[in-house]
Amino acid sequence: MSQFRIAPSLLSADFARLGEEVRDVIAAGADIIHFDVMDNHYVPNLTIGPLVCEAIRPHTTAPIDVHLMVTPVDALAASFAKAGADIITFHPEASHHIDRTLGLIKDAGCKAGLVLNPATSLSHLDHVMDKLDMILLMSVNPGFGGQKFIPQTLDKVRAVRQRIDEHTAKYGGEIWLEVDGGVKVDNIAEIAAAGADTFVAGSAIYGQPDYKVVIDAMRAELAK
Ligand code: DX5
Ligand code: ZN
């Protein structure tokens, strides 16, 4: 497998100082900024939109990974592409036309991915593997930071790793496998061993005073 990527979730950052929070986690060694968009419709919580993405864009050259927990998806996906997103993922059950939404994101110049909730079937991947740059597996039910990792996710990670490896061996390309929810220093190695390469961590990183200490500890676990 290639490299491991650590993606702090801004959901647990100090929203009054977002630009600084973005710069600080990247300076502390993070690779990607995970940007959680909630609409109080698809999930029972409300967060940030394209204007905030545009506002943080000048604060980093690191990829901004926009996780859309919204329905409908298409218009917002297009707005986030304009606002400087690099990766845009959405939940398949939130779009009437998954293939069309993936195409729209890619046509706008972004990487595209699907997000599967803990109880969402892997069958959503069946006819779109060639259009995916990322598969995001939720290891909590979406809507809130600070929840406990659902251990059954590990079997799903193993199954998706196998699908990705089979697909890329046959057709080439690269598909990242990201895990989101309850990722901590003490479980990151196990999640990596199951096959994930990209790790979202909100409360584990932003909940500690020194981001570098946590990110270094995660990297040390990943190197074991
Ligand atoms: C949950 C979000 C996550 C969340 C993760 O719906 O998608 O990205 O911020 O937070 P932690 O790492 O605290 O579980
Ligand atoms: Zn997320």
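Around ligand 1, the shell is made up of seven nonpolar, 12 polar and two charged residues; here Ala, Val, Leu, Ile, Met, Phe, Trp, Tyr, Cys and Pro count as nonpolar, Asp, Glu, Lys and Arg as charged, and the others, Gly among them, as polar. This is a predicted model, in which local features need pLDDT of at least 70 and side-chain atom pairs count only at pLDDT 80 or more, while totals for chains, interfaces and linings use all residues. Residues are numbered from 1 along each chain as its sequence is written, and chains are lettered from A and ligands numbered from 1 in the order in which they are written.

Of the 21 residues around ligand 1, those that come nearest are Ser9, Leu11, Gly145, Gly202 and Ser203; a residue is near if its C-beta atom, placed from the backbone, lies within 6 Å. Strand S2 (33-38), strand S8 (198-201) and helix H7 (203-206) each give two or more residues to this shell. Helices (H or I, at least four residues) and strands (E, at least two) are DSSP runs, numbered from the N terminus.

Now for the sheet. Eight strands form an open sheet in the order S1-S8-S7-S6-S5-S4-S3-S2, with parallel pairing; two strands pair if DSSP finds at least two bridges between them. Strand S1 (5-8) and S2 stand at the edges with a single partner strand each, so one side of each has no neighbour in the sheet. S3 and strand S4 (residues 87-90) pair in the parallel sense over four bridges, and Asp65 stands opposite Ile87 in S4.

Finally, look at a loop. Between strand S3 (64-69) and helix H3 (74-82) lies Pro72, which a cis peptide bond joins to Thr71, with omega about -5°.
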